[in-house]
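Here is a quick tour of a few spots in this protein model. Have the sequence and the 3D view open as you read.

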Amino acid sequence: MQSPQSPVSQVVSALRRPLVRDVLLLLLAVVLILSPVLATMNVFGGPEYRYESVEVIETDSGIAFADESDVPPGVPISDEIACSGTLVQRACALEAPLTDGGSQPLGVTTTDLEVDPGISDPPYRFVLLNGTLYRTTYETNESAQRADGSYPVEVTLSPSSSGVSLHAVSVPEGDVSGTIAEAARNGVATSKSAKDVPSTPVALQGNTYHRVFPVEEPSEGLTQVGQALFFVAAFGVILLISVSRKIRVNVDVDYQAER
C-alpha cells in the first residue's frame, strides 16, 4: 500500500504539473504588468518624500534661523513675517523708512477698514527689518476724505516683542501631520506620501519653534525607477502572451487525456 504524501510533497508534485506552473507564471505576469500602478500606490518602491527642519530662535532684537545655511533659498521664517529667513520681498525696501514712526500710503481707499477684503486680511502681520520685528498696522487718513466718502489707507510699523510675534504666527504640533511633527522634533522625517507643510514655524512642547521644509530629491532616481518599471511591465506583457498560449495548449491536452 502506497504511503500518503506529505503536504510539502503534494505541493512539489502539484508545481510539477505544467498547467499549475503556467497559472503561477500567469499571476506573476499580471503583477509585473501592474507594477507601475502598485508603485504609485506605494505598495512597493515609489518616491520617498523627505522633510527637514531648522529651529527658529529669539535674538537680542528679533528672531532668526539657528543655522540659516541649512535653509533653502526663498524660505521665510513665516509667511506672516515679511523679509524673514531667506526670503526677500518688496516690503523690505518700501517699509524700511517706516521704522522711524512714519506712515506710507498704500494707494487704495476704503470707506470701512474693518470689512474691506483687500485690507482686513493683509498678506503678512509682521515685518523683520534690520533684525527687529515690527507689527504692521493699517489705518485710514481721516483728514484726507475723498469726494466719494472714502479715505486713503496708510500703513505704519510698531516694534513688536519677538516672543509674542513668534508665538502668534506658529502652529501647534498637534495641528500638523505626524511626519511634519517628527521632522520638527528630530530635524528630519520621511514619508511615502506628500504632506502639507505649514509656511510658518511648528510650536513644540517646551516653547521651541521649528520651521519645517521639504527637501527636493534628485529627479534622476525617479527617472531610473520609471524606466525600470516600464521594462518590467513590458516583460510582464511578453510573459503573459507566452503563458496564456501555453495554458490553452495544456488545458486542451488535459481535456483530451481525461476523455
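## Strands 1 and 9

Strand 1 (residues 49-58) and strand 9 run antiparallel to one another and pair over four bridges; pairing here takes at least two DSSP bridges between two strands. Glu52 has Val188 of strand 9 as its bridge partner. Strands are DSSP runs of E with at least two residues, helices are runs of H or I with at least four, and both are numbered from the N terminus.

In a regular strand, side chains alternate between the two faces of the sheet. Buried means under 20% relative accessible area, exposed means over 50%, and partly exposed is in between (1.4 Å probe, protein chains only).

## About the model

This is a predicted model, where local features need pLDDT of at least 70, side-chain atom pairs need 80 or more, and totals for chains, interfaces and linings use all residues. Residues are numbered from 1 along each chain as its sequence is written, and side-chain values use heavy atoms, leaving out hydrogens and water.

## Leu106

Leu106 sits in strand 4 (residues 103-110) and counts as partly exposed because its relative accessibility is 38%. Leaving aside residues up to four places away in sequence, Leu106 touches Tyr138, Val153, Glu154 and Val155, a contact being heavy atoms within 4.5 Å. Leu106 and Val153 are 47 residues apart in sequence, yet their C-alpha atoms are 5.8 Å apart.

## Ser170

Look for Ser170 in the loop between helix 6 (162-169) and strand 8 (171-172). Ser170 counts as buried because its relative accessible area is 12%. Among residues beyond four places away in sequence, Ser170 touches Thr200, Pro201, Ala203 and Tyr209.
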